[in-house]
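Please look through the structure shown here slowly, turning the model as you read. The paragraphs below are meant to be followed with the model in view.

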Amino acid sequence: MRWLTLYARSRHAPASLAVVLISALAVWALARTGDGKPWSGWLPVLVLVAGAAAVSVGLGGQDPALERTAAIRWMPRRVAHVLLGGVLIGAVLLAVQTMDGQQTSPALVLRNSAGLMGLVAVGAACWGRQYAWTLPCVWLAFSMVVPPSTDVVTQVLTWMLLPSGTAVGTWTALVLAAAGTAAHAAVGVGGGGGGVRR
């Protein structure tokens, strides 16, 4: 059990959890000052993006070169980290929403949590943990300015804002989740520090 505590500490898990909670509560408070309809529109997505960005900090350690010398298997730990991060950000969103007696569709939360964690995992594998947050944030910003359309390309670009049950949104999230998890599991963190390849 000690290794789990050390792993969580080295991955900034307490700080990430605090940021996930604070960002969800901040969005909840801002929603309450609006038109009396909290969690309408893109606010749940904003909470999930903020949560994924917070969790992304823990996708790598302080020293990739040091981790490369460790005599442990990193691949299962990386996969578990990505999956548990998705569960965490989805659970926090649903828990905070219960304060208003509302709930975003669990299918939408599951889809977006999986896809967003896939995006941060891709970011970590390509540019390192310090820039892993950029992909979901840029994708959300882009999605918010793209005019709605029924064509497939537009739906792929705006997948996180589509209603639950939309096939294109679901498949896009699944592909991102699978590709991101696989890339992070195989490479670790990229960027200037290099990947951890065990």
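Predicted model: local features only at pLDDT ≥ 70, side-chain atom pairs only at ≥ 80, totals over all residues.

Residues are numbered from 1 along each chain as its sequence is written, and side-chain values use heavy atoms, with hydrogens and water left out.

The protein chain holds nine helices and zero strands, where helices (H or I, at least four residues) and strands (E, at least two) are DSSP runs numbered from the N terminus. Read along the sequence, the pattern is therefore α-α-α-α-α-α-α-α-α. Of the 198 residues of the protein chain, 44% count as buried, a word that stands for under 20% relative accessible area, with exposed meaning over 50% and partly exposed in between (1.4 Å probe, protein chains only). If a contact is taken as heavy atoms within 4.5 Å, then residues 24 or more positions apart account for 71% of the contacts in the protein chain with a separation of 6 or more.

How are two packed helices described? They are described by the angle between their axes and the distance between the axes. The axes are lines fitted to C-alpha atoms, for helices over the stretch in contact, and the angles run from 0 to 180 degrees between N-to-C directions. Angles under 35 degrees count as roughly parallel, over 145 as roughly antiparallel, 65 to 115 as roughly perpendicular and the rest as oblique.

Begin with helix α6 (residues 106–127) and helix α7 (residues 134–145), whose axes come within 7 Å and cross at roughly 125°, and which are therefore oblique to each other. On the α6 side the contact is made by Leu116, Leu119, Val120, Val122, Gly123 and Trp127, and on the α7 side by Leu135, Pro136 and Trp139. By class, these residues divide into eight nonpolar, one polar and no charged, where Ala, Val, Leu, Ile, Met, Phe, Trp, Tyr, Cys and Pro count as nonpolar, Asp, Glu, Lys and Arg as charged, and the others, Gly among them, as polar.

Helix α7 also meets α3, and here the axes come within 9 Å and cross at roughly 160°, so that α3 and α7 are roughly antiparallel to each other. Their crossing is left-handed, which is said when the near helix is turned anticlockwise from the far one by less than a right angle, and right-handed is said if clockwise. Val45, Leu46 and Val49 of α3 and Pro136, Cys137 and Leu140 of α7 make this contact, which has six nonpolar, no polar and no charged residues.

The axes of α3 and α5 come within 9 Å and cross at roughly 140°, and this crossing is right-handed. Here Pro44, Val47, Leu48, Gly51, Ala52 and Val55 in α3 meet His81, Gly85, Leu88, Ile89, Gly90, Leu93 and Gln97 in α5, and the residues of the contact divide into eight nonpolar, five polar and no charged.

Which residues touch the most other members of the largest nonpolar core? Of its 33 residues, these are Ile89, Leu116, Met117, Trp159 and Met160, a nonpolar core being a set of buried Ala, Val, Leu, Ile, Met, Phe, Trp, Tyr and Cys residues joined through side-chain atoms within 4.5 Å. At least two residues of this core are supplied by each of α2 (13–32), α3 (43–56), α5 (74–97), α6 and α9 (167–187), and α3 gives the most, with eight residues. Not counting residues up to four places away in sequence, Ile89 touches Val20, Leu48, Gly51, Ala52, Val55, Ser113 and Met117.

Some single residues complete the picture. Gly123 lies in helix α6 and, at 0% relative accessibility, counts as buried; leaving aside its neighbours within four places in sequence, Gly123 is in contact with Gly128, Ala132 and Leu135. His184, found in helix α9, counts as buried at 1% relative accessibility.
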